[in-house]
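Please look through the structure shown below, beginning with the ligand and the residues around it, and then turning to the strands.

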Amino acid sequence: MYKLNDGQQIPDFGFGTYKLNGRKGVQSIVSAINNGYRMIDTAYNYENEGTVGKAIAESGINRDKLTVTSKLPGRYYAYDDAITALQESLYRSHLDYFDLYLLHWPNPKRGMYVEAWQALIDAQKFGLVKSIGVCNFLPEHLEKLQKETGILPAINQIELHPYFNQKEMRQFDKENGIVTMDWSPLGRASSVLKNETLVQLGQKYHKSVGQIILRWEYQLDTIPIPKSSSPIRQRENMNIFDFEISQSDMEKINDLTRPDGRTENQDPAVYEEF
Ligand SMILES: NC(=O)c1ccc[n+]([C@@H]2O[C@H](COP(=O)([O-])OP(=O)(O)OC[C@H]3O[C@@H](n4cnc5c(N)ncnc54)[C@H](OP(=O)(O)O)[C@@H]3O)[C@@H](O)[C@H]2O)c1
């Protein structure tokens, strides 16, 4: 468990749901919960908050045993729109509150993220959400939130995998009491899963490449949220707590990072998503 800067606690491992929609999506998410995942990541823009809510209802697990995250899309960053969208997210998922609600992208050219952040600060006071955070924020965006509202996010969810290890951003988050959460922790099952160094480490530790990557992320003090539709891969991805990667092997994985290692070249300084 991680203790956040607002006193809330969240699990150190989670489940991504991008592309899990409809009946098949419900089945995959129910299976993830049955396999032991207790933190579920969705977003308004994934159009599956309903799927997540349905899976939670069918899982039979008490709501208070789960940590549920959703995200506000950039088109709703005006204050009133943000509150309304958060309420809509809750209606879609049939939940009374989210454990975490995040700004999905800073969209810096639009210049609205401070206003949206103020809405999340108030939504937390109203009880709509327990903890508030951001995704894809760079140091300059976080500094602006601090300067203009005095409140820093509890979480910064960023792209993080061996080809893009975010050393500086992780350091900045840590120094500012922000927990780093990793999206696309498996690099979206790209070529990283065939990387020779990682394949060799898998053989050495008797683990799959996915397990090596997720364990490395856990040992970096970050929270991976891998997505899988398959019950078998869901179990595989969770099975990382019975071994430890040595410091020298951690360094070998750290060395795989590349300046252009992002999976889809989405640099938050310029990339925008609404
Ligand atoms: N905040 C943001 O801007 C942002 C952006 C992107 C994603 N996210 C969140 O982060 C979550 C995770 O990221 P992601 O879905 O982009 O990518 P990911 O979790 O890195 O990779 C998912 C892909 O890997 C495959 N996979 C899963 N486990 C595997 C294993 N053990 N071996 C081989 N392949 C495996 C999955 O296929 P199967 O389903 O067939 O197993 C799927 O194609 C998302 O679902 C979403 O919740 C947030």
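A residue is near a molecule if one of its heavy atoms lies within 4 Å of it. By that rule, 27 residues surround the ligand, and the closest are Asp41, Leu186, Arg188, Ser228 and Arg233. The model is a predicted one, in which local features need pLDDT of at least 70 and side-chain atom pairs count only at pLDDT 80 or more, while totals for chains, interfaces and linings use all residues. Residues are numbered from 1 along each chain as its sequence is written, and side-chain values use heavy atoms, with hydrogens and water left out.

An N or O atom in the side chain of Arg188 is 2.6 Å from an oxygen atom of the ligand, and a polar side-chain atom of Ser184 lies 2.8 Å from an oxygen atom of the ligand. In the side chain of Glu236, an N or O atom is 3.1 Å from a nitrogen atom of the ligand. The ligand taken alone exposes 910 Å², of which the protein buries 86%, with areas from the Shrake-Rupley method and a 1.4 Å probe.

Now turn to the strands, which are DSSP runs of E with at least two residues, numbered from the N terminus. Two strands pair if DSSP finds at least two bridges between them. Eight strands form an open sheet with parallel pairing, in the order β3-β4-β5-β6-β7-β8-β9-β10. At its edges are β3 (15-16) and β10 (223-224), each of which pairs on one side only. Within the sheet, β5 (residues 67-72) and β6 (residues 98-103) pair in the parallel sense over four bridges, and the bridge partner of Thr69 in β6 is Leu100.

Note on methods: A polar contact is a pair of N or O atoms within 3.5 Å; within protein, one must be able to donate a hydrogen and the other to accept it, and residues adjacent in sequence count only if both atoms are side-chain atoms.
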